Amino acid sequence: MKRIKTEDAVGQVLCHDITQIIKGVTKDAVFRKGHVIQPEDIPVLLSVGKEHLYIWENNAHMLHENDAAQVLYELCKNAHMRPSEVKEGKIELIAECDGLWKVDTERLARVNALGEMMIASRHGNFPVRAGDKLAGMRVIPLVIEKEKMERAKEAAAGAPIFALKPFVKKKAGIVTTGSEVYNGRITDTFTPVIEEKLSAYETEVVGHEICNDDPQMITGSIRKMLEAGAELVICTGGMSVDPDDQTPAAIRAASQQMVTYGAPVLPGAMFLLAYTAQGIPVMGLPGCVMYAKRTIFDLVLPRIMADDRLEKHDFDVLGEGGLCLSCPVCTFPNCGFGK
């Protein structure tokens, strides 16, 4: 830092906040550190008693915090997100559309491990809406070595650390199973829950079939939904390990790849996900989805709606955080469920 007369400071960068105190009116910074002093700022600075200032001295080997934050932003930025203005050396990312937030956890950790810099973000694989804050980044000191920022570039090399995958408008088919529903002994209370969950996305339900516990009948209904143009098929009922629960077998017969039957999530352990030869997801939902506020379905559906292809590993890692606490007031997704 260098101490100079205020009148000579035009064009220089402040190294500290300048606070103005007016009794009963304000006590706040009139200029923040990092501010580039303009001619019209001089009278204001003098009025708050600043006849000398500490400014940043140019150094070929150092970067100011604003410029360093821009370097971090370049490592993070991707389609469908925009930056905020640089403020106090910090840049934030804002969503430009509704979609699924994706984080490269390993490369994010590599950059943060360098020290003197930070990138903080939301948890990945959760839905966001246009206008949501996604991440923030800055360096810790006022100035930082250029060489260290080069190391950050190397740590994050390859692709942006973040991605925002827009939700895709889909056609969905629903297959309700269970002889008690098929024969009219009880009312189908499961399908309205599914329709409500789907309404959070641009989804058109192209068909709804009710089947008994005959696996061939269930498989036929799934295929009928696919023939009707369904890009997502959801099956409800018959997902336990009881001998008469035939929905898993029926889904296997209609699909090419079985991703998982079972997930380390409560509620939702008996969840099933498969894909057809055309890559269309077919889900089997356990009964808890009908009555529990949040379940495995709430963790998987946003990813399906963003065409995020899931593998077995995506479910294996859900164990830590996979226990919903059924709070009296649900704040999901602003809670620990699924994280």
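## Helix packing and sheets in a predicted model

Helix α2 (residues 65-76) and helix α4 (residues 146-155) pack with their axes 10 Å apart, at an angle of about 10 degrees. This makes α2 roughly parallel to α4; angles under 35 degrees count as roughly parallel, over 145 as roughly antiparallel, 65 to 115 as roughly perpendicular, and the rest as oblique. Axes are lines fitted to C-alpha atoms, for helices over the stretch in contact, and angles run from 0 to 180 degrees between N-to-C directions. Helices (H or I, at least four residues) and strands (E, at least two) are DSSP runs, numbered from the N terminus.

The model is predicted: local features need pLDDT of at least 70 and side-chain atom pairs count only at pLDDT 80 or more, while totals for chains, interfaces and linings use all residues. Residues are numbered from 1 along each chain as its sequence is written, and side-chain values use heavy atoms, with hydrogens and water left out.

In the packing of α2 on α4, A68, V71, L72 and L75 of α2 meet M149, A152 and K153 of α4, where contact means heavy atoms within 4.5 Å. By class, six of these residues are nonpolar, none is polar and one is charged. Here Ala, Val, Leu, Ile, Met, Phe, Trp, Tyr, Cys and Pro count as nonpolar, Asp, Glu, Lys and Arg as charged, and the others, Gly among them, as polar.

### Overall dimensions

The protein has 11 helices and 19 strands. Its radius of gyration is 27 Å, whereas a compact globule of 339 residues would have one near 20 Å. That radius is taken over C-alpha atoms, and the globule rule is 2.2 Å times the number of residues to the power 0.38. Along its principal axes, the C-alpha trace spans about 90 × 50 × 35 Å.

Six strands form an open sheet of mixed pairing, in the order β15-β14-β16-β19-β18-β17. Two strands pair if DSSP finds at least two bridges between them. At the edges are β15 (203-211) and β17 (257-261), each of which pairs on one side only. From one strand to the next, the twist averages 15 degrees. Strand β14 (residues 170-177) pairs with β15 in the parallel sense over eight bridges. K170 has T203 in β15 as its bridge partner.

Two helices pack on this sheet. Helix α7 (residues 215-227) lies across β14, β15, β16 (232-236) and β19 (281-285), and runs at about 160 degrees to β15. Helix α8 (residues 247-254) touches β14, β16, β17, β18 (272-275) and β19, and its direction makes about 155 degrees with that of β17.

Helices α7 and α8 also meet each other. Their axes come within 8 Å and cross at roughly 45 degrees, which makes α7 oblique to α8. The crossing is right-handed; a crossing is left-handed if the near helix is turned anticlockwise from the far one by less than a right angle, and right-handed if clockwise. P215, I218, T219, I222 and R223 of α7 are in contact with T247, A250, I251, A253 and A254 of α8. These residues divide into seven nonpolar, two polar and one charged.

### Helices α6 and α10

The axes of α6 (residues 190-198) and α10 (residues 296-305) come within 11 Å and cross at roughly 45 degrees. The two helices are therefore oblique to each other, and their crossing is right-handed. I194, K197 and L198 of α6 make the contact with F297, D298 and L301 of α10. The classes here are four nonpolar, no polar and two charged residues.

### The three-stranded sheet

An open sheet of three strands, paired antiparallel, has the order β10-β8-β13. Its edge strands, β10 (126-128) and β13 (162-166), each pair on one side only. The twist averages 40 degrees from one strand to the next. Three bridges join β8 (residues 99-103) to β10, and these strands run antiparallel. The bridge partner of L100 in β10 is P127.

### Backbone details

H80 is not a glycine, yet its phi is positive, at about 70 degrees. H80 lies in the loop between α2 and β6 (81-83).
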